[in-house]
Amino acid sequence: MATSHKVGTVDEIPLGEGRNFDLPGHRIAVFRGRDGRVFATQSECPHRGGPLADGLLGDGALVCPLHEWRFDLTTGATENGACPIEIYRTSVADDGSISVELPTVAIRVGPLANEGDRHPPAPRAKA
Amino acid sequence: MTGSNTNGTNGTHGARGKRRLVVIGNGMAGARTVEEILARGGGELFDIVMFGDEPYGNYNRILLSNVVSGVQDPSEIFLNSLPWYEANGIKLHAGVRVTKIDRLTGQVFGEGGVVEPYDKLIIATGSRAFVPPIKGAHDADGRLRPGLFTFRTLDDCHAIMAAATQATEGERRVRAAVIGGGLLGLEAARGLINHGCEVHVIHLSTHLMNMQLDPAAGAILRSSMEAMGVTLHLGALTAGVLGEDRVTGLAFRDDTTLECDMVVISAGIQPNTSLAAECGLTVERGIVVDNHMRSPDDHDVYVVGECAQHRGVTYGLVAPLWEQAKVLADHITDRNPNAMYMGSKLATKLKVMGIELASMGVPEPAGAEDEVVLFSEPRRGRYKKLIIRNGRLVGAIMLGDLDKVAYLTQAFDRNSPLPEERLELLFDLGTPGKKVTLDEMPVDAQVCNCNGVSKGAIGACVGGGRRTPKLVMEATRAGMGCGSCKGLVTELVTWFCGGQVDDDPTAHYYVPTIPMNKKELTEAIRARGITSVSDIFNELGDGHVDPGAKPALASLLSVVWKGQHQEERDARFINDRVHGNIQKDGTFSVVPEMPGGICQPDELRRIADVADKYRVPLVKLTGGQRIDLVGVKKEDLPDVWRDLGMPAGFAWGKSYRTCKSCIGSEYCRYGLGDSMDLAVKIERRFRGLESPGKLKLATAGCPRNCSEALVKDVGAVAVEGGKWEIYVGGAAGSHIRKGDLLCVVDSHDDVLRLGGRFIQYYRENAKYKERTYTFVERIGIERLRAIIVDDSEKLAAELDRALDESARATKDPWLERDVPATVNQFRSALPVVTDR
């Protein structure tokens, strides 16, 4: 089951970049492509916890800023097949507001991620 | 990925029916050519049929000597096993010999009534062992007499090994003679020694490997072979084979004889051309081809490999064959109808255990103008000889020590300029210890220390079909950290590929998805007036945005338009979006400008106050004589900058970084020049300039060099007489290199002018991420000096003007604290709608 969450509007994200959004108990990264597509992913890179929202965005592809791991934003897969990221379905309304579908079951248990939280969570273990 | 190529059919069968491609020959050339064709979408264009003489899939013939010497099992040398053909939809007639080509009807006839029609034909019949005219070598049916062997196929290997281990009277050792002391003959001899044989090599010339070596090297090789237990008969011409039923010995022209139990003939190869000659194609030594690897007589017939003769030359090594296969595939699939083969340069290595020998190009100088660099130490089996023409390597023999071979092979292949210090070409100077060889390196040895990639992982990756250094690096991430192991990774990939790496055209592109080098790309950007990264993808690429390429393109635009391009912030790496260096926890480091490492007390106080106020976890002095506030939250960056009240120090980007200096003449009792003042001028002049790689500079007030100016991208060293030496291309990071002396000048202004001119030339011509230490070696200091100092190409005025304009366009990016460049520029996370 998935639940739809309104997170913000496209205007809040610079064209071609990503920003984190803090949902209760869950931080996600949302990307606004220059081609108009909007993607949502988990916020940290599965490799070393890098902030994916600070990555480089291309046509449906993302490069993490820390060690240049590259992800397919439609499937979440990495180039080398290891450690895919979670991708959440998004939709954009006419007024530019973005909705993200998250699994109803909380994915992460842990402290609420606050704005400006300086200590990122530990790297996610490989599935 | 480039999109599907829809104009790629040039045939008469239209889009629906595939054309028929028949390939005669399933050796290394035939199979590789088919692989190349498949890689270019040829499976969609052609129904492919292959004929192979041997009843196997395709194997790596180069490794046959390893099979004979017992180093490798035959099963290890297969390249494409039979299921590969099936999986790729190829019909393989294995073990079927082709008897006739009928060009009139477009049909190929094989033994056993096989007939295959073709639209396009590839002849890859290769060559066979050349058997010199020796009396009694053949029996009445024209077959080699029992006990005589050629050394060309897997079956030959099996037969040779069986004979080498045959039972003898009184259990004495099998005595084997090898006719031919060339590359293959010596490899066979070594293999026979491993099987316990007494081995004699008979060679017509007076020195071994006379095609590749000069007499001196041949003599040293001879000693090494003799030390291994091989008996050599040089200058000996075999006249006849002795024995009734089977071989019992050889007779020579000078009437001497040699008793032996077996003879391996390894006297060269002969192209298989009879099929081609019989169907009327032009045949000389090989089957004649044009630059597209086509027969000039029939444009539906291509020829590739050892049977092909291009511009009068036939090749017997593997590298040329790979090059031919690519050209053929480009042309036949219409992927690049202009693809042309221009001939190959020859380099080879002897694979004899216990002997290290590599040779390339010519063994002797052609005339007095050719420069010869020679080192000879016969007692230890070492001999190194280089032949240099116009500053480029045209020939090399390296015996007994292959340390520099990878570098030399590259210089030879690319015809690149050689360093002036010729000694460096022969030896690694001033580097500690001898590296372990690739063979000796344990499988679990860590090659890439940044990403933890072992030799074994690289091997597995190559085995999985990624056969270029770039593909392996992308897949394993080896070499993608600090990059210092890239050379080693490249060597290992080559080693695992048995020397046959795939050429990677994208290696020459500025960014992988746009097929242009930097010069072409720069010209296209100028000609079309493109000012944004998005427009480059749209107008020069296929519209696809490659995220990894964005920063490289943004950097190029900034250089081309001298800072007046249309900035798209999303094309920038995060460091250049928020003007700090991202740390492993997602925080940033803040480094204010501090020219020459000189700071004022009130600046220090403000820095301390900021560190307290924003709870900065770490305050550290950097290697570039700055103060680094490490661990600043993205949200705090604008306030930190405001409170510091100092300009940005550009410590995060591919740009001018710092200029270190020593105390200089003002206080130091040894100082000869004012290095501090010069460093301040340098920083004021170059700060904020984007460049292909980072630029770290230093000034030293005397040759004691306390500020390490000799190992900087640009360094200025004061010398007696009020002069300054300018060094370029130094490095002291993952790579260590002393800079090359560009020139000696008289004043600070000259350092700024000529150093700046060098920087601008580097900005315009270096590849993205190419540091000056690679760039200077690639261009060559002599050429750089000619351009920068002597203005040999009349570029100086334009370089100076471009640098000036670019420098004037830079601004302090920390002013974005008041005027953000993008919405939420310094926010790392936003609250969701329902919270507001």
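## A salt bridge between the chains

In this predicted model, the side chains of A:Glu68 and B:Lys769 form a salt bridge, with 3.8 Å from N to O; the term requires a side-chain nitrogen of Lys or Arg within 4 Å of a carboxyl oxygen of Asp or Glu. Between chain B and chain A the count is six salt bridges.

## The interface

Contact, meaning heavy atoms within 4.5 Å, links 47 residues of chain B with 39 residues of chain A. The two chains bury about 3400 Å² between them, 49% of it on carbon and sulfur atoms, where buried area is the accessible area (1.4 Å probe) that two parts lose on being put together, summed over both. On the side of chain B, the most area is lost to chain A by B:Arg477, B:Pro547 and B:Leu830, which together account for 17% of what that side buries.

## Two helices of chain B

Helix H12 (residues 455-463) and helix H14 (residues 486-496), both of chain B, have axes that come within 9 Å and cross at roughly 50°. Helices here are DSSP runs (H or I, at least four residues) numbered from the N terminus, and axes are lines fitted to C-alpha atoms over the stretch in contact, with angles from 0 to 180 degrees between N-to-C directions. H12(B) and H14(B) are therefore oblique to each other, since angles under 35 degrees count as roughly parallel, over 145 as roughly antiparallel, 65 to 115 as roughly perpendicular and the rest as oblique.

## Basis of the values

Residues are numbered from 1 along each chain as its sequence is written, while chains are lettered from A and ligands numbered from 1 in the order in which they are written. Because the model is predicted, local features need pLDDT of at least 70, side-chain atom pairs count only at pLDDT 80 or more, and totals for chains, interfaces and linings use all residues, while side-chain values use heavy atoms, with hydrogens and water left out.
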